[in-house]
Each structure stands twice: as structure tokens, then as C-alpha cells.
Amino acid sequence: MKFDEAKQILEKYNQEHILKSYKRLNEEYKEKLINQILRIDFEQILNLYEKTKVPVEFKNSKIEPIPAIDSAKLSDEEREKYTKLGEEILKSGKHAAVTMAGGQGTRLGHNGPKGTFDLGLPSHKSLFEILCDGLKKTWDKYGAIIPWYIMTSRENNDEATRKFFEENNYFGYPKENIMFFKQGELPMIGDDGKIILDESGLIKEAADGHGGVFESIYKNGALEDMKKRGIEWVFIGGVDNVLVKMADPIFIGFVADNNYKVASKTIVKGYPEEKVGVFCKKDDKPYVIEYTEISEEMANKKNTEGELVYSEAHMLLNMFNIEILEEIANEKLPYHSAYKKASYMDDDGKIINPETPNAYKFETFLFDAFGLVQDVGLYRGKREEDFSPVKNASGVDSPETARRDYIKYHNL
């Protein structure tokens with residue numbers, strides 16, 4: 001019955017090739033494949049595929065820069081006010097941290113969840129332990145345990161992340177204050193509009209981008225857990241920034257004092273071609289233009305002082321009021337497509353490893369949620385104190401640069 005229903009769905013959307021691997025699968029995987037077919041919204045996926053043929057343009061939009069408060073230019077009175085308020089919030093247990101850790105360490109030559117990557121310090125601390133160290137310092141200083149919510153994915157093996165924490169005794173952090181949850185996925189689709197299969201003969205799915213964090217927090221019970229704990233402010237960041245401060249009193253105080261529902265700690269863009277998204281207002285709403293979408297003219301535009309007009313870079317250092325988190329979770333953020341190299345199983349059961357991009361994955365971006373509020377508070381931090389990611393095996397944003405910045409910042 002389920003098989004017949006799945007077959008009819010595939011016929012309707014011209015995706016019958018998906019069942020060509022069916023006979024080769026064992027009973028467990030046959031059931032998994034049928035359940036995938038019945039669960040997937042094929043109408044949505046094919047509509048997203050059609051949109052890949054339409055270039056992103058801003059010709060008919062009004063684009064303006066958003067000014068940021070420069071932390072280096074705060075007065076002593078402002079600094080003291082924000083810090084005191086932020087410390088009160090931390091001490092009262094109203095702050096939580098979310099780490100988006102669904103990625104793999106493939107680009108680093110690491111076989112496993114990215115958070116388990118050993119940065120190469122003498123201590124051999126992983127990215128997870130480095131992040132946990134920051135929470136433990138807050139615990140020691142303020143006597144407050146920050147609830148830590150960690151988003152994993154099926155793609156990077158949720159089970160491996162949980163096991164890593166268990167094997168490392170949760171890095172000395174209270175187990176009951178750490179919650180894991182998985183992000184959503186969407187099928188990948190080839191150049192020809194056909195959904196591709198993975199090496200096991202199932203539909204190949206990829207994580208739905210960091211914008212999926214909102215829906216995942218809601219669906220997996222993390223948001224409900226926060227509300228039960230009396231959380232009011234939530235920091236959301238990535239796993240690969242070794243300088244991230246998930247409980248920064250002055251940033252928390254800045255956000256709370258100005259009653260922002262959403263705020264971001266920014267870094268000044270280093271140079272026009274830097275591969276970062278930049279804040280702006282698009283048709284009077286907060287927006288981030290990704291580096292893949294910004295025009296050369298906008299990227300290079302300077303003001304009378306010779307500074308880049310669009311210079312406030314989004315670095316996944318975001319703060320949300322818990323009330324707006326629930327609103328965002330119930331909204332459908334737009335999808336963006338990324339053209340990737342993806343191995344797949346062909347109709348004959350052979351595994352193909354392409355040398356060039358061959359398939360689209362669809363992602364939501366966290367910053368698309370900013371347009372749901374009238375204003376986003378921008379607090380300009382310092383690159384040497386707030387941002388040093390591990391993204392590439394060598395060169396810029398590599399383990400080498402992250403080690404250097406981490407050691408320098410901590411005076412090791």
C-alpha cells in the first residue's frame with residue numbers, strides 16, 4: 001500500500017528513477033526509502049529547482065547601509081551601564097546559548113563532526129571544548145550555569161557528537177544543562193531536475209542551512225525547555241569560531257538596554273572581496289547580502305572618508321529575545337540554492353564521484369529572519385577579540401590562523 005502510494009507520487013513529479021534502486025535494498029532500507037518519499041514535499045523541491053535559474057537581483061530594491069555602535073567608542077559610562085545590566089541578566093539565569101554544530105570537518109581533512117576537530121593546541125582541545133571553556137568561565141565568575149543547546153545533523157552524525165561529549169565527561173559542564181537537537185534536511189537535486197540518491201540508495205538529503213535553527217529549536221523542544229527555565233535572551237552562533245563569546249555581558253547589556261528583539265555583533269569587513277555577508281536595509285527592512293549575491297559596485301562603494309559603505313559583516317554572533325524566536329520559528333524563511341559537488345548512486349547502482357559541481361542543495365539563512373523585525377541592533381566588535389573561524393585546511397581562516405589568534409588572545 002505504502003509502496004503504491006510512493007510510486008504514484010514519483011510518477012506525478014517525474015521522479016520514478018528513485019525506485020530503481022529499491023530491489024537492491026534490504027528490508028530496513030526499503031522502508032526508509034518509502035518513508036522518505038512519503039515525507040518529502042516534492043512540489044516544494046521542484047519549485048526551488050526552478051528558482052535556481054533566476055539570478056538574484058536588487059535592481060528594484062532600495063538598499064541602504066545600517067550604522068553600528070562601535071564598541072571601541074563607547075564612553076566609560078555606557079560601558080559600565082551595559083556591563084552591569086548584562087551581568088545581572090547572567091546572574092539571574094535569563095541567558096542561554098545555542099551552537100550550530102551540524103557541519104562536518106571534511107574541508108579540514110577531519111572525519112567527524114566539525115566540533116570534534118582538534119585545533120592543534122598543546123592541550124589538544126577540540127572546538128567543542130574551546131566553546132565550553134567560555135561557558136565555564138561565566139559559571140565561575142557569576143555563579144550562573146548557562147544552558148547550552150547544540151544543533152547537530154544526521155549528515156554529521158548526531159550520535160557521534162553525543163558520544164564525544166560522553167567520552168569527554170561533558171568537559172566538566174553539568175550534563176543536565178546541555179541539550180542536543182537535530183536540524184532539518186532537504187533533498188539534493190541534479191542539473192536535470194532529478195533528485196539524486198546517496199551511496200546507500202536512499203534519497204540524498206543535506207542540512208537545510210543555519211536558518212533551520214529556528215524551526216529545529218521549536219520542533220525539538222529546545223525552545224520549550226528555555227521557556228521553562230525562564231530564559232529571556234538567547235545567543236546563537238557557530239561552532240567554528242574559537243574566539244566566540246556566547247555570554248558576553250557588555251553585548252547582552254547593550255541589547256537589553258536598547259530593547260532590541262534581534263541584535264548582532266559585527267566585524268568591519270577587511271576588504272571588498274572578503275567572503276562575508278554584510279548588513280544593510282533592503283526596502284526599509286534589516287537584511288544581509290551574502291558575498292555570493294552582492295554586486296561588485298556595492299562591495300567596493302566607499303564614503304567620503306574612504307571607508308566601505310557596506311562594511312558591517314555578519315559573523316554569526318547573534319542575540320535574540322525569546323519572544324521573537326517563537327515568532328521566527330513559525331515563519332517560513334526563503335530558501336537559497338548552492339551548487340555543489342555531490343557523490344551519488346546512478347540508475348545502475350554505481351557510485352559516481354563528480355569532479356565538478358553537479359547538484360543543488362537548498363538552505364535557509366539565519367539572517368533572513370532579521371527582516372521580520374523593524375530594527376536590528378548592530379554592535380561592532382573587534383576581529384582580534386571576537387572572530388577567528390576554522391573553515392579552510394590552510395591559508396585564511398584555517399587551523400593555523402585560529403591557533404595563532406587563540407593563543408594571542410588568551411596570552412598562552
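A: A term to start with: buried means under 20% relative accessible area, exposed over 50%, partly exposed in between (1.4 Å probe, protein chains only). This is a predicted model, where local features need pLDDT of at least 70, side-chain atom pairs count only at pLDDT 80 or more, and totals for chains, interfaces and linings use all residues. Residues are numbered from 1 along each chain as its sequence is written, and side-chain values use heavy atoms, with hydrogens and water left out.

Q: Asp 283: buried, exposed or partly exposed?
A: Asp 283 is partly exposed, because its relative accessible area is 41%. Its phi is positive, about 50°, although it is not a glycine.

Q: Where does Asp 283 lie?
A: In the loop between β11 (277–282) and β12 (285–289). Strands (E, at least two residues) and helices (H or I, at least four) are DSSP runs, numbered from the N terminus.

Q: And what about phi at Asn 259?
A: Positive too, about 55°, and Asn 259 is not a glycine. Asn 259 sits in the loop between α9 and β10 (262–268). It counts as exposed because its relative accessible area is 64%.

Q: Which residues are closest to its centre?
A: Lys 245, Ala 247, Asp 248, Pro 249 and Tyr 409, out of 33 lining residues.

Q: Which helix gives the most to the lining?
A: α5, with 9 residues. Helices supplying at least two lining residues each include α4 (76–91), α5 (127–142) and α13 (399–409).

Q: Now the open sheet of 3 strands. What order?
A: β7-β17-β14, with antiparallel pairing. The edge strands are β7 (189–190) and β14 (335–340), each pairing on one side only. Two strands pair if DSSP finds at least two bridges between them.

Q: How many bridges join β7 to β17?
A: There are 2, and β17 covers residues 359–364. Gly 190 has Ala 359 in β17 as its bridge partner.

Conventions: 1 Å grid on protein atoms, 1.4 Å probe; cavity = no way out; pocket = protein on both sides within 12 Å on 5 of 7 lines; lining within 4 Å.
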